Amino acid sequence: MQAEPGLRVKIGLEVHCQLTALKTKLFCSCSSDYRSSEPNENICPVCFGLPGTLPVLNAKAVEYATMIGLALNCTVANRSVFYRKNYFYPDLPKGFQISQYDKAGGVAIASAGSVEVGGKTVRITRIQLEEDPGKLTYEGTIDKSTHSLVDYNRAGIALVEIVTEPDIEDAREAKAFLEKLRSIIESLGVSNGELDGAMRCDANISLAGGARVEVKNISSFKEVEKALNYEILRQRTFSGNATSETRHWDERRSITIALRSKEEEQDYRYFPEPDLGPIVLEPGAIASVRSSMPEVVEARASRFAKEFGLSKQLAKELAADKRLSAFFEECVKLDRGYQEMAGLIVGEFSGGHLPEASSLPPEEFVALVKMVEAKTVTRAQAKEALREAIRTEVPVHDIIQSRRLSAVVDERAIAAVIERVVAARPEAIAEARRDKKAFSYLVGQVLKEEPKAQPALVAKLLSQRLRK
Ligand SMILES: [Zn+2]
């Protein structure tokens, strides 16, 4: 949605990303696997901050947050500290959340980064490490509910909060940014954004310097675009006179509803967490995290383009998926048909369709690509065989044999088909001589009659026929 002139939209995002690769919570040894547990099963006195307990920092969480900071081009702090953010809400068993703070002497674990998306730079203000609150479930909708249920299994799960500058200008841009962010974080192997609630987002939206409205509880990226479009439209209806407040995104009704006037920072009474020491990262420690990091999507895409001569778009699509990239890298060890391989992999296996290695070993896929390159099977036949292999888990080789998939290379047979097609519509010859589109149409008609013919061979024979 484009803003009207003079009503420039400014959106800043706060993304909460669970470090789902961790086995335990941020400050205790409770299991972090709350999705497959009964409510309130993974809890302990540390989760509840009972007297006499002390939090112990999960070192792996610090490593993962450092990786995210580096991947988002941030400066990682050599020394950062935890703060208590105090507020009373039923999802918070301790009455405070252990978080980080970037004011009054506080330092977040990483800051001042950037993400390039669609030719634009979105600045990252800071990244902080904090604990997730529990999960509230409402009976009915949040504003009408007479009671709510709380599950503390999620309380204490390690989160990384990623805060952007208000550099985003519409809902579409926000969605593109979030998708990019997710693929970067997933490529690090620290979080699986596909898990329900693993990546959640709050958005700050203002129109042309009007009041800042915060929309909370957007549970998935799919909802972000809807929520932002709704909120921009709502604020525009107020001609920029929106009041500063916190609103809730109601997924079921697709509207935002007012929750409360926006808390001011002083409402949280931040103070340094007395039970935890600072996080100290020597420059050598940061360098060693950097050197052990998996390659992030962007670097992988440019390597694919450079090393294998793939087009930028194809390299990008391939690199965005970790499994497809790994499969491609296995295949390129076996043969040099890089472009054909990458095209088939992206075209046929995107969206989680790559079969397990047992039903499609790289050797078999490469053998198929070689057949396409040698023109003994057409690309359409290769795709057909792959789709059937995915569906039936029968080896590709067997499918090619049993269905006798092979290209027709007999020029005389194809020429005969051309004659049949042309005889049915003699005026098509003159049209095809004049017009490229009519020519392609005619090639298509021949392929319809003889799907096993190679399109390039049909085109060659047809242009010979037209010269007669
Ligand atoms: Zn615990």
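A pocket, as the word is used here, is an open set of grid points with protein on both sides within 12 Å along at least five of seven lines. Keep that in mind as we walk through this structure, which is a predicted model.

The second largest pocket has a volume of about 1200 Å³. Its lining takes in 34 residues, and Ser183, Val297, Ala319, Ala320 and Asp321 are the ones closest to its centre. If you'd rather look at it by elements, those that put two or more residues into the lining are strand S6 (110-117) and the helices H2 (171-188), H5 (297-308), H6 (312-319) and H7 (322-332). Which of them gives the largest share of the lining? That's H2, with seven residues.

Strand S6 has something else to show you. Ala112 is found in this strand, and its phi is positive, about 55°, even though the residue is not a glycine. Ala112 also counts as exposed, because its relative accessibility is 54% and the cut-off for exposed is over 50%. Asn73 is another non-glycine residue with a positive phi, in this case near 60°. You'll find Asn73 in the loop between H1 and strand S2 (75-76).

Now for the metal. The zinc ion gets its protein donors from four cysteines, with the SG atoms of Cys28, Cys30, Cys44 and Cys47 lying 2.2 to 2.3 Å away from the ion. Angles among the four donor atoms run from 101 to 117°, and the site is tetrahedral. For reference, the ideal angle for four tetrahedral donors is 109.5 degrees. Along the chain, the zinc donors follow the spacing C-x1-C-x13-C-x2-C. Cys30 and Cys44 both sit in the loop between strand S1 (9-18) and helix H1 (59-71), so this pair ties together parts that are 14 residues apart in sequence. Cys30 is buried, because its relative accessible area is 9% and anything under 20% counts as buried.

The structure holds one cavity of 30 Å³ or more, and the largest cavity has a volume of about 50 Å³. Cys47 is among the residues lining the largest cavity, along with others including Leu92, Pro93, Phe96, Asp132 and Gly156.

What about the nonpolar interior? In soluble globular proteins, nonpolar side chains tend to be buried together. Here the largest nonpolar core has 65 residues, and Leu13, Leu19, Ile68, Leu72, Ile127, Ile162 and Phe177 are those with the most contacts inside it. Take Phe177: leaving out residues up to four places away in sequence, Phe177 touches Leu13, Val115, Val117, Val122, Ile124, Thr164 and Ile168.

Our last stop is Pro355, in the loop between helix H8 (338-349) and helix H9 (362-373). Is Pro355 buried or exposed? At 14% relative accessibility, Pro355 counts as buried. With residues up to four places away in sequence left aside, Pro355 touches Arg323, Phe349, Leu360 and Ile390.

Notes. Residues numbered from 1 in each chain as written. Predicted model: local features only at pLDDT ≥ 70, side-chain atom pairs only at ≥ 80, totals over all residues. Heavy atoms only, no water. Donors = N, O, S within 2.8 Å, 3.2 Å for Na, K, Ca; no water. Tetrahedral: all angles 85-135°; square planar, octahedral: opposite > 155°, others 65-115°. Helix = DSSP H or I, 4+ residues; strand = E, 2+ residues; numbered from the N terminus. Buried < 20%, exposed > 50% of the residue type's maximum accessible area, 1.4 Å probe, protein only. Core = buried A, V, L, I, M, F, W, Y, C linked by side-chain atoms within 4.5 Å. Contact = heavy atoms within 4.5 Å. 1 Å grid on protein atoms, 1.4 Å probe; cavity = no way out; pocket = protein on both sides within 12 Å on 5 of 7 lines; lining within 4 Å. Points joined across faces, edges and corners; volume = space filled by probe spheres on them.
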